[in-house]
Amino acid sequence: MEFLTAHWLDIITTILGLAYILLEYRASIWMWLVGFLMQALGIVLYYQKGLYADCGMEFYYLSMTIYGYWRWVHGGKKSKELPIRPFPRRLILPWLALMAAIWGIIYWLLVTFTNSNVPLADSFTTALSLVGIWALAHKYLEQWLIWIAVDVVTCILYFYKDIPFKASLYALYVIIAVFGFFKWKQLMKEQHI
């Protein structure tokens, strides 16, 4: 019972996270609502565990859930609903450069202003997640590849920081993200039929 009391927030956000990824796998608009609730609770969890970059990231995610929902509903040109599409090649280098710059800035902030003992990994997952959620909001197929990288590092980081349920969820996320990539690839082909 003491274990459950100590990890209740981890458990709830894990359940919400599982619902979120399954809705994302199905390309369901409902994932944005579940994500909003999960991120609101994540702010508290990550702050308590000293994952300050992840905590700050949740504020960004909250705003992106609103943007993502709007974009999915109103972002398509012909049919209102935004279609799944490939990540534009012209954006790869600018987004990689932006991600690297954000990673460096967050790392510096964590080292300079916090007592974080995992600044490199925490800043990496945060910076890459900024790109990942933006790519998801735009319904780019390759967002799954970004999440695979984020999920592998986050799984290891969360086990290290004693957030076992969320860590296990991120291990499952890796598997779902691989399948999600192929599912979205198939959905993208079906859109053009």
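**Entry 1: Ala137**

I began with the neighbours of Ala137. Leaving out residues up to four places away in sequence, Ala137 touches Trp32, Met64, Tyr67, Gly68, Arg71, Trp72 and Leu82. I note here that I am reading a predicted model.

Where does Ala137 sit? I found Ala137 in helix α6, which covers residues 119-137. Is Ala137 buried or exposed? Its relative accessible area is 0%, so I put it down as buried. I also looked up one distance. Tyr67 lies 70 residues from Ala137 along the chain, yet their C-alpha atoms are separated by 7.1 Å. Tyr67 is also one of the residues that Ala137 touches.

**Entry 2: Phe87**

Next I turned to a loop. Phe87 is in the loop between α4 (52-74) and α5 (92-113). I checked its cover. The relative accessible area of Phe87 is 13%; buried means under 20%, so Phe87 counts as buried.

Which residues is Phe87 in contact with, leaving aside neighbours within four places in sequence? I listed Ile92, Trp95, Trp134, Ala135, Tyr140 and Glu142. I then took the distance to His138. Phe87 and His138 are 51 residues apart in sequence, and their C-alpha atoms are 8.9 Å apart in space.

**Entry 3: α2 and α8**

I wanted a helix pair. Two packed helices are described by the angle between their axes and the distance between the axes. I looked up both for helix α2 (residues 8-25) and helix α8 (residues 164-191). The angle is about 0 degrees, and the axes are 10 Å apart. Angles under 35 degrees count as roughly parallel, so I recorded α2 and α8 as roughly parallel to each other.

Which residues make the contact? On the α2 side I noted, among them, Ile11, Leu18, Ile21, Leu22 and Tyr25. On the α8 side the list includes Phe165, Leu169, Leu172, Ile176, Phe179 and Trp184. The residues of this contact divide into 13 nonpolar, four polar and four charged.

**Entry 4: the whole chain**

Last, I stepped back. The protein chain has eight helices and zero strands. From the N terminus on, I read the elements as α-α-α-α-α-α-α-α.

I compared the overall extent with a rule. A compact globule of 193 residues would have a radius of gyration near 16 Å; the protein chain has 17 Å, which agrees. Along the principal axes, the C-alpha atoms fill a box of roughly 55 × 40 × 25 Å.

Buried residues make up 51% of the 193 residues. Among contacts with a separation of 6 or more, 69% join residues 24 or more positions apart. The accessible surface comes to about 10300 Å², and 72% of it belongs to carbon and sulfur atoms.

Technical notes:
Residues numbered from 1 in each chain as written. Predicted model: local features only at pLDDT ≥ 70, side-chain atom pairs only at ≥ 80, totals over all residues. Heavy atoms only, no water. Axes fitted to C-alpha atoms, helices over the stretch in contact; angles between N-to-C directions. Helix = DSSP H or I, 4+ residues; strand = E, 2+ residues; numbered from the N terminus. Parallel < 35°, antiparallel > 145°, perpendicular 65-115°, else oblique. Contact = heavy atoms within 4.5 Å. Nonpolar A, V, L, I, M, F, W, Y, C, P; charged D, E, K, R; others polar. Rg over C-alpha atoms; globule rule 2.2 N^0.38 Å. Buried < 20%, exposed > 50% of the residue type's maximum accessible area, 1.4 Å probe, protein only. Areas by Shrake-Rupley, 256 points an atom, 1.4 Å probe, with all protein chains shown as cover.
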